[in-house]
Amino acid sequence: MAERQFSLGALAEALGAVLEGDPARIVTGIAPLEAAGPDHVSFLTDARYRAQASRSRAGAVVLAADAEPLATAMLRVKDPGQAMIRLLDVFHPRPVPTPGIHPAAVIADGARVDTTASVGALAVVERGAVIGAAVRVHALAYVGAGVEIGEGSEIHPHAVLEDGVRLGRRVIVHAGAVVGGDGFGYLFTDGAHRKIPQVGTVIVEDDVEIGSNATIDRAMLGATVIGRGTKIDNLVQVGHNVTIGEHSILVSQVGISGSSHLGRGVVLAGQVGIADHVTIGDGAMVAAQSGIHADVEPGAKLLGTPARPLMHAKRIYLTEDKLPDLARKLRDLEQRLDRLDGGGKAGRDG
Amino acid sequence: MAERQFSLGALAEALGAVLEGDPARIVTGIAPLEAAGPDHVSFLTDARYRAQASRSRAGAVVLAADAEPLATAMLRVKDPGQAMIRLLDVFHPRPVPTPGIHPAAVIADGARVDTTASVGALAVVERGAVIGAAVRVHALAYVGAGVEIGEGSEIHPHAVLEDGVRLGRRVIVHAGAVVGGDGFGYLFTDGAHRKIPQVGTVIVEDDVEIGSNATIDRAMLGATVIGRGTKIDNLVQVGHNVTIGEHSILVSQVGISGSSHLGRGVVLAGQVGIADHVTIGDGAMVAAQSGIHADVEPGAKLLGTPARPLMHAKRIYLTEDKLPDLARKLRDLEQRLDRLDGGGKAGRDG
Amino acid sequence: MAERQFSLGALAEALGAVLEGDPARIVTGIAPLEAAGPDHVSFLTDARYRAQASRSRAGAVVLAADAEPLATAMLRVKDPGQAMIRLLDVFHPRPVPTPGIHPAAVIADGARVDTTASVGALAVVERGAVIGAAVRVHALAYVGAGVEIGEGSEIHPHAVLEDGVRLGRRVIVHAGAVVGGDGFGYLFTDGAHRKIPQVGTVIVEDDVEIGSNATIDRAMLGATVIGRGTKIDNLVQVGHNVTIGEHSILVSQVGISGSSHLGRGVVLAGQVGIADHVTIGDGAMVAAQSGIHADVEPGAKLLGTPARPLMHAKRIYLTEDKLPDLARKLRDLEQRLDRLDGGGKAGRDG
């Protein structure tokens, strides 16, 4: 989007990098190794991509201080990943919103919007909501009654924060995400499902990111809690009264049923399902599409539905591949044994 | 949210409960057994939580008339579940919207909004829509042309009711749900998928609840029908021309393909997938993440992809756990047999 | 919805059909075989439904030129599928929007809206957006800064096109879909997940359809690309830097992880998950709920998690059904062999 250009000398300074190459050389963009041309700076953040880096046409490459040299200009840094992030910001600076409330936004009486916050066109902020410093509420976003949004958070178009939800600082809620919808709770009585009022809330701690069209239900009583630094991908479902520890990762289309508890640093790969009232220990990792129906130990690696320890599940999977063969061999053995013992004393044939 | 307080005497009256304890004692909130303190009333709705009830610090507990006594004040009732719902309402009464149309809502000419209904800020109601008594259309909701919404229904922010959809009474549509999007139907011809017009509608009967960001597609012809009292969780997909009977339960992220038919009281657990043109009998239950590719008998309990009868699937799962062992044992047997018969007459080794 | 009526003679002309029956006979609607009455025209698009056609009460049936005759009036055509689409259009013509911008829409300075386009109530079009000829932007839709929408496209209520996204011609984006949300990319450093800026875009080519509440993430760098004629169902997730070839089909709730590449004419059935950095060849078909973790050959048919060739997976599945039996037989064999050889030389019992 942005069209910016820098000399390698200027980039070296911005990144705190040691430059091996011509500081006057100009680059006009950042691109991955395979797409970069002579006017681009690229990055080698992982030694696995070494061969790609050698083949790359990039005019310059950011790489680790101790990486093997390349034939092109090199910007050597301590942490190439962080340098890549810095480069992305340098070439593609985020537009800074003008603080203030768009004239077509609807702010209810008694809502408080910090003067450094911005509220977009046709956003709705209901009574009693409190919007902190430097918060960005995009166009058509909905901020319910009594919602609190901490400093520096960003609420994308069509995101919905239902009444009473509380967001920490630097939280990002992507488009269409719904935070604080009712939990799914009913009492079956007199032949019908009677709704159990969901009167709790959702607490989203600092530095959480919630993906597009994800849904985080409010607690029946108390709070559903998303721990600090946890990242939630698109279309994820978090049920009522769930608690998630800090710095966990929920990949797209994960579903967590009510009252389950995830520890710190848990990683759930795509489309994983977690049953209700389950506890998942710190640092556990669950492979894509797995189903968890019982408590998980800290650090466990699981796969399958219902999930098994990763290595066990892989061994079973490999054996399954031979299952039709095994069944045939078993029949062969039976026949050979029949010939040996004349059918066996048991005479049984299941 | 609400801060309210009641004497146990007053609560006993409200619940029709028999109080064993001091009627003058004041409680200021309702909380689950494990979270309740001396100022809270709690509830024991299931004998399984008996031990938790004994340990609870709750100032009073609602429980069944015939439950074993606890050391704290007791409110004995016939149905503790219903009493819990009543208590939640008592402590957390839902805000009653003021009837009327927010000045920033956009109501098309020819739409009819009952005078007892409320329409929030920046909601859109298109031409020919009919909004019944005591309906609540929240801010930023979309009500398409010709849509009918029955008495007492509630449409949350950013919910979309596409043209011509019909909702019964006391229907709840949560935030971001889309009712009446086009079904997924194409004709592959001349090397491209040509869209089949989806000209049918969706009929949602009384007392249905539709979760956040769920999607219910309109029929190609005729109607997709959600039966009375059925509850649909977040992010569920219901395809075109599906019909669902009364009082069924679709847990989060379930997907039902086109033209399938569910009976009454069907329960689909989280992330279940149903193929197209399948019939599922009354009262069938499908375990989480299962896949259904063929008709299901009434009352069946199924698990797996493709699904099998629950007990059979569990037996297979347990045997699979030993599969690498079984394969090894089979090799051992083969070798023992080789030693016995010198390799066997068949001489075959698959 | 529409109430229209036609003579069979007029329909024959509209369809280019050969009529066998009374050209003056009037029909008032189109209905499927099983629902049609004497006033309806129906269609037999597939010989499998021959028996239903014979039983149908339809006043007339559209069918193939060489199909066996029915007892009712017949409209014989070369391609009954295309004729059905034509009939649906004839009986249910789509409302043609009046070009122009609703007075309650918010169009930023510098956005360009073609005079033949229509923009609904409370839609937001940000600065620099370009909306082409005959485009329809529905009420409450969001068109971000710099977005381009090609001729004849339709953006449903509450759809979100984030900044810079480019849509081709005749693209349909259904309600609540989010195109251009940030990809899910973090760098784990200093004990926290640091966000990698997602500065790329999304390119949606001509004739693509994107379902309700689907999410298509923008690339980190470069573009996520949806190829011409590809159809994406509701609640599908497409990760950053994914590319999808032409005329592919992604059924509801499919998830595609970042940087994977799908060829032309790929079909992913419901709830399929694709890992990251995977390449799927042209014409590959993946059965519902399968998980793909490695590259897939063109034309392959796969099933399972992790997926196997369809026929192999089915054979394994059928053998699994007998797994408890097989385990029992194995125990029997062991015992018979023990009796024969006195426990075996190995004396091993796993």
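Two strands count as paired if DSSP finds at least two bridges between them, and helices (H or I, at least four residues) and strands (E, at least two) are DSSP runs, numbered from the N terminus. Before you click on anything: this is a predicted model, where local features need pLDDT of at least 70, side-chain atom pairs count only at pLDDT 80 or more, and totals for chains, interfaces and linings use all residues. Residues are numbered from 1 along each chain as its sequence is written, while chains are lettered from A and ligands numbered from 1 in the order in which they are written.

**Stop 1: chain B, a parallel sheet**

Select S27 (residues 223–226) and S30 (residues 243–244) of chain B, which pair in the parallel sense over two bridges. Pick B:Ile226 and look across to S30(B): its bridge partner there is B:Ile244. Now widen the selection to the open sheet of nine strands, S10-S13-S16-S19-S24-S27-S30-S33-S36 in chain B, with parallel pairing. At the edges sit S10 (112–113) and S36 (279–280), each pairing on one side only.

**Stop 2: chain A, a mixed sheet**

Over in chain A, 12 strands make an open sheet in the order S8-S11-S14-S17-S20-S25-S28-S31-S34-S37-S39-S40, and here the pairing is mixed. S8 (100–101) and S40 (308–309) each have a single partner strand, so one side of each has no neighbour in the sheet. For a close-up, take S37 (residues 285–286) and S39 (residues 301–303) of chain A, a parallel pair with two bridges. A:Met285 has A:Lys301 in S39(A) as its bridge partner.

**Stop 3: H5 of chain A against H4 of chain C**

Show H5 (residues 323–341) of chain A with H4 (residues 310–321) of chain C. They pack at about 50°, axes 8 Å apart (axes are lines fitted to C-alpha atoms, for helices over the stretch in contact, and angles run from 0 to 180 degrees between N-to-C directions). The two helices are therefore oblique to each other: angles under 35 degrees count as roughly parallel, over 145 as roughly antiparallel, 65 to 115 as roughly perpendicular and the rest as oblique.

Which residues of H5(A) meet H4(C)? A:Leu323, A:Pro324 and A:Ala327 do, against C:Arg315, C:Ile316, C:Thr319 and C:Glu320 (contact means C-beta atoms, placed from the backbone, within 7 Å).

**Stop 4: one chain onto another**

Finally, superpose chain A on chain B: a rotation of 120° with 0.0 Å of shift along its axis does it, at RMSD 0.0 Å (least squares on the C-alpha atoms of residues with pLDDT of at least 70 in both). That is the relation of a three-fold axis.

Note on methods:
Two residues are in contact if their C-beta atoms, placed from the backbone, lie within 7 Å.
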